Amino acid sequence: MITPEDIFAQFEKDIKASVPAVELKAKYLSRKSPLISLLRSLKDIEPEKRRLIGSRANKIRQDIEDTINRLDSISHNANEETIDWSKSAEAKWQVESPGHLHPLTYATRRAVEPFLRLGFYIERGPEVEFSLYNFDFLNFPPNHPARDIQDTFYVEDLREQKDSDLLLRTHTSPVQIRAMKKSRPPAYFLVPGRVYRNEATDASHGCFLHQIEGLAIDKGISLGNLLWTLDYFTKSLFGQQINIRVRPSYFPFVEPGIEIDFTCIICLGKGSNDDNKRCSVCKGKGWIEIGGAGMVHPNVLANMNVDNSIYTGFAFGLGLDRIAMLIYSIPDIRFMFENDIRFIEQF
Amino acid sequence: MLISYELLKEIFPGTPSLDKVLDLLIYKSVEVDATFSLPIKAENIIIGQIIEIKPHPNADRLQVTTVDIGNQIKTIVCGANNIKIGQKIPVILPGNKVANGMLIEKRTVRGIESDGMLCSTEELGLSDSSSGILILPVDFEIGSNFNKIWGSPDVINVSVTPNRGDLLSHYGIARELAALQGDILKEPGLSLLSGSAARDKISVDIKAPKACSKYIVSYFTNCAILESSYRIQRQLYLLGQRPLNNVVDVTNYVMTVLGQPLHAFDKNKLKDNLIIVRFASSGEKLLLLDGQEIKLKDTDLVIADSQKPIALAGIMGGKDSAISENTTDVILEAAHFNPQVIRSTSKRLHITTDASYRFERFVDYNLPDSSSSLAAKMITQETSGIIAGQISVNKAVSKLPNIVYKIDESNLLIGENIDRSEHTNILTNLGCKVHKDTPNIYAITPPSWRHDLNISEDLTEEVARVYGLNNISKKPISLKTTSNKDIIEIKIQALKDMLAKNGLNEVVNSSFITHKDAIFFKSFGIASIHILNPVSPENSWFRPLLTPNLLHNISKNQHEAERFPVFEIGNVAYFKNDQLNENTSLAVAIFPFNMNDTSFLKMLQEFLGASFECKPEPNLLSDNFTLIYVNSKPVGYVSDLSDTAKKQWKIKVPTMVLEISIESLLSNIKTKKVDLGYPKQAIIYKPLSKFPRVVRDINFIGQINEDKFLGFITDIKGQEDLENVSILSIYNGITTIRFTFRSFEKTLTDAEISQNISNLTKRIEKSFNIKNQVIVEE
């Protein structure tokens, strides 16, 4: 039997071959067309199959109809004035008033600055990532609950050779591996970037967020170095009165693994359990959680082709959205991505 | 995971104060989400004793009880069916409120006057629903205040990381607290009974030894399945669990105490007294306890009798063999299952239970023994049953690792000179066997419950956290500075600065696009990436271009501003010729756009040091769609919007869009130094009104002093819902001033606006000596 997908494939071929809209309509949407016949014949098949094929066929019919309608209206746009983009402009581009950069850009710049001063450089990596880099190389055991810490978006893989599952990276840490595979220690770099979590959106969580990853690999790097670096960063960003505290945690790619908090910059660590006096930013705890860190796991060093008997390293991941929200007192993460002119013009 | 503080104290008398427990856990062990206390939420509950029960003369389902509450005898009508003469029960008298706030009054129920109410856990506020009156211990004193006796027990919500399965029990937390205080908690010290009696009647056959390395069966006869005792019920309520019956409650209680998931079967539902641990045959079916029927695969481990599966191993029991009120003979399972096998099935079927959660995180190989013993003791007490015996079937287990631990390397990794004796003490307290090969090199065997300790760095972490992470001194790093001015990220920042300087605003959009938008661009030959598990249908595709979401921004803001030129820089990805492509893109949208104005394009080329070759290629977006080539390679496009495109994004204004892949072009940008500018003054975000704005242009006869007017604007902005004021034009002796109004509370009416305008006009006339001409409405 011909499937709705077969019909759609043929439709796409016709679109590429520029078959006119009128013909397409007759071929795909008329009463006798294979797709419509298929839809009409659904009543004769068993209910379970009917629902499945029916919903697929209907969706494809909708897509075909939308596309044809658009092609149809293209011909109606013919009266548009032609623009010659290659014509060199005589006038200069007019600036009425300067534009505004996004608070996330400013927060990223402020977060990056102290590290650049120390001598770190910046690396980047893809957001559509292989499971191999997002998990396996980072020492996440196969079929282990550690993989549930971050809810992952998986994507359909249209490649011919599928060597590893495709997903949207859940952290910037895969870039540790990617960058180290092409360089040698000592290495000190940062990775600012977007990551994805398949989580319900609320005032402090979105299904995409921004992180700044840091990696230092050298001889004799210690946990004490990591604590100094994080303290230096926090004080550079928020002032000398702000301290860090660390707590044990678990991330498969570091050992030991820690979680980092810093003094609440609003109540300056006063906290309070009194409902009326409770600081709304730190919820009365006096501390704000900013990210995770730790000493690079020997298995991860090995996956980077780094000799783990000579080198050690630290890594950290900090939340940039949280930093932007703190610096500019933005109460809800969603406000940052609605792109209302009145929001952007404030910065 | 919830931890009852009083139960913790019962298990480990050395448990410190609640605050100290939290401190120890948070700074040295695991995160604590919250603590709360669970007092009784109903008022003035008195303990009563039922001295008489009579059927209600006018209602089949009701009973009339006579209750002794100490100084008085009360007649109370009751609908529950678990009450018996002689029981002690919680009573609420008229004039008091139950947990949901309802006031109890003396009232006549079907002709019988009822002088109060017997309480279930629901009325007491301990659970959301209940199946009967809470039965109290017989030694509770009649007439005493139950609120006081119940107290205000504390509950701790601990967030255990996936590597620490050993902490998923009260005993595990107690053992950790002991170690953190330099103490060692005694082993429960429970041993199995001799198993001969059971062996005659039940046989266990492990056919999948790699998936199940231990299976202990305890066999009970003559059990009475009733409600469990107050003591067990109390702990289950504190832990947010619902008591079911004395056998199931004991299995749940022992699991929270020791961490070993247990399962109880009705022995008489088993065919041939046989318990087989095996993988399912593909296609076998099993009706689970929660009523759902599952189709099994050959990777699913099951417990079966001689004929069919009776439980999904380590996850959930089957309905057919469940304990019911008619059960007399009980079989109790305590097993050690392979975490990965349990996890695969749990993931595949989307079933997570307290049992599977623990098995996935590794349960100590030795726990089935002690938990069988504890559970056996409690089941015989609770059900008055007889234990007929216990049998244990063991298969080979992997040996505990022997870890070479070098003190000086560990100290180097921490960056602190921690004493050798301290290393030894910490590891010993945590249950490790420490063997000193040399003064510096130790051989360490971790305890059976710590499968997460495998390499020397794992032990370093243990020492560092117990020593105190915040006691480690901070050590500066020193490195050679590298020049960053040529790296892509810095050049992107330079590009952003250039665009902002030229009047463009930066937007940051989601990376997801709608199905409708994905289809639109599919006709260009761009295959978007489909998200297999999107959060919502509107977010089901990964953006192949920044353009679609930028157009949504235009659509959203076109009524808010006369001009809103925007740009975005971000990653886009798509499939092309079976290859995955991802690159960093710059998109620009400008409205209003004057036809044939190519000045932006010119400026961009100059900045990028690139020369664009433009080749028109009409498509859905516009007949004026033009591909941009640099050095004969396509890098992007520039276009206006066709009517079709305007309809798709609901755009009414003439708009120019451009999107180019920038990575290859950035190298031409000359950056002299790294310049990461940001506003030096403090900016505090101001909330936005949800209500629409209203624009009014007012003409004044006469010229206005612009400098003076700027000061005036600052003075009046924010007053009378005035969002903005600007001089639109000064022409031919006429000054046009534009007022924008918007309220935070409501949509402004015409009358309100006119009143505001009239007030403002008067002030302007007075301050600037000009005259209002006519009102021009937009």
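How many cavities of 30 Å³ or more does the model hold, and which residues line the second largest cavity?

Reply: This is a predicted model, in which local features need pLDDT of at least 70 and side-chain atom pairs count only at pLDDT 80 or more, while totals for chains, interfaces and linings use all residues. Residues are numbered from 1 along each chain as its sequence is written, chains are lettered from A in the order in which they are written, and side-chain values use heavy atoms, without hydrogens or water.

The count comes to six cavities of 30 Å³ or more, a cavity being a set of points, on a 1 Å grid over the protein atoms alone, where a 1.4 Å probe fits but cannot get out. E489(B) counts as buried at 15% relative accessibility, whereas R124(A) is partly exposed at 26% (buried is under 20% relative accessible area, exposed over 50%, partly exposed in between, with a 1.4 Å probe and protein chains only).

The second largest cavity has a volume of about 80 Å³, and it is lined by P248(A), S249(A), Y250(A), S29(B), T161(B), N163(B), R164(B), R450(B), D452(B), E461(B), E462(B) and R465(B). Helix α14(B) gives the largest share of that lining, three residues, where a helix is a DSSP run (H or I) of at least four residues. By class, the lining divides into two nonpolar, four polar and six charged residues, with Asp, Glu, Lys and Arg counted as charged.

R465(B), one of these lining residues, meets E176(B) in a salt bridge at 2.6 Å, N to O. This pair links distant parts of the chain, 289 residues apart, from α14 to α5 of chain B, and R465(B) and E176(B) are both buried. R164(B), D166(B), E176(B), R450(B), D452(B), E462(B) and R465(B) are linked in a network of salt bridges, and the structure holds 49 salt bridges over all chains.

Definitions and conventions
1 Å grid on protein atoms, 1.4 Å probe; cavity = no way out; pocket = protein on both sides within 12 Å on 5 of 7 lines; lining within 4 Å. Points joined across faces, edges and corners; volume = space filled by probe spheres on them. Helix = DSSP H or I, 4+ residues; strand = E, 2+ residues; numbered from the N terminus. Salt bridge = Lys/Arg side-chain N within 4 Å of Asp/Glu carboxyl O.
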